[in-house]
Amino acid sequence: MINKILLDQATLEFDANIADAISSLELSGLQIVIVVDKASTVIGIITDGDIRRGFMKGCNLNTAVKDIMTASPLIVDSSIQRHEAIKI
């Protein structure tokens, strides 16, 4: 399970930029950044692949993460077994 400090390092608000996302990826050591709104509701995720695709489309380090994130990711409860989640 991911601890609170690591989760905080891997979470950004939607108005953060790509430079912030890269820093978050490096700091947390995870391969994902969770994007939240002002109410801390998950609204998207970002991976290094999303960042690469953003750069290929002309985005830069100042581009908002909301412009490159995968919106509305499927979220399951941590009590669900991995093989069950894969079926969803």
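Which residues are linked with D15 in a network of salt bridges? I found E13 and K38 linked with D15 in that network. I count a salt bridge when a side-chain nitrogen of Lys or Arg is within 4 Å of a carboxyl oxygen of Asp or Glu.

Two notes on the source: this is a predicted model, where local features need pLDDT of at least 70, side-chain atom pairs count only at pLDDT 80 or more, and totals for chains, interfaces and linings use all residues. Residues are numbered from 1 along each chain as its sequence is written, and side-chain values use heavy atoms, leaving out hydrogens and water.

I searched the whole structure and got four salt bridges. One of them joins K38 and D15 at 3.4 Å, N to O. This pair links distant parts of the chain, 23 residues apart: K38 sits in the loop between β2 (33–36) and β3 (42–46), and D15 in the loop between β1 (11–13) and α2 (18–28). Helices (H or I, at least four residues) and strands (E, at least two) are DSSP runs, numbered from the N terminus.

Next I looked at helix α3 (residues 48–56), where R52 and D48 lie four residues apart, about one turn of the helix. Their side chains meet in a salt bridge of 3.6 Å, N to O. R53 and D50 lie in α3 too, three residues apart, and their closest N and O atoms are 3.0 Å apart.

Is D50 buried or exposed? I noted D50 as buried, at 8% relative accessibility, whereas R53 is partly exposed at 46%. Buried means under 20% relative accessible area, exposed over 50%, and partly exposed in between (1.4 Å probe, protein chains only).
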